[in-house]
Amino acid sequence: ISGYYCLIDAVKIAVVDNLTVSDMAAKIYTPLANQYGTTSQKVRSAITRAIMIGWDRCDLETLEKLFIIDIY
């Protein structure tokens, strides 16, 4: 999944500079679009799709343990 790789790179960028999440279009999507030779919109869509697929295939008990939340 191309979105998976974009998502990994986006997380790396956000970890280095946590202020990037306040302007994701300019600080995350655009640089990744340039890196992958595509558009910011396609990067955003790919990341969104990767998150949706991951969420749909997840184990709720594992997520609860990871994020210490009550999902039920």
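Good morning. I begin with a contact between two helices: Tyr 29, Thr 30, Leu 32 and Ala 33 of helix 2 meet Ser 40, Val 43, Arg 44 and Ile 47 of helix 3, where contact means heavy atoms within 4.5 Å. By residue type, this contact comprises 5 nonpolar, 2 polar and 1 charged.

A word on the source: this is a predicted model, in which local features need pLDDT of at least 70 and side-chain atom pairs count only at pLDDT 80 or more, while totals for chains, interfaces and linings use all residues. Residues are numbered from 1 along each chain as its sequence is written, and side-chain values use heavy atoms, with hydrogens and water left out.

The axes of helix 2 and helix 3 come within 8 Å and cross at roughly 105°; axes here are lines fitted to C-alpha atoms over the stretch in contact, with angles from 0 to 180 degrees between N-to-C directions. The two helices are therefore roughly perpendicular, a label covering 65 to 115 degrees.

Gly 37, which follows helix 2, has a positive phi near 65°.

I turn to helix 1. Gly 3, Cys 6, Asp 9, Ala 10 and Ala 14 are buried there. They lie on the same side of helix 1, because they cover an arc of only 140° around the axis, taken from the directions from the helix axis to the C-beta atoms. These buried residues pack against helix 2 and helix 3.

Conventions
Buried means under 20% relative accessible area, exposed over 50%, partly exposed in between (1.4 Å probe, protein chains only). Helices (H or I, at least four residues) and strands (E, at least two) are DSSP runs, numbered from the N terminus. Angles under 35 degrees count as roughly parallel, over 145 as roughly antiparallel, 65 to 115 as roughly perpendicular and the rest as oblique. Ala, Val, Leu, Ile, Met, Phe, Trp, Tyr, Cys and Pro count as nonpolar, Asp, Glu, Lys and Arg as charged, and the others, Gly among them, as polar.
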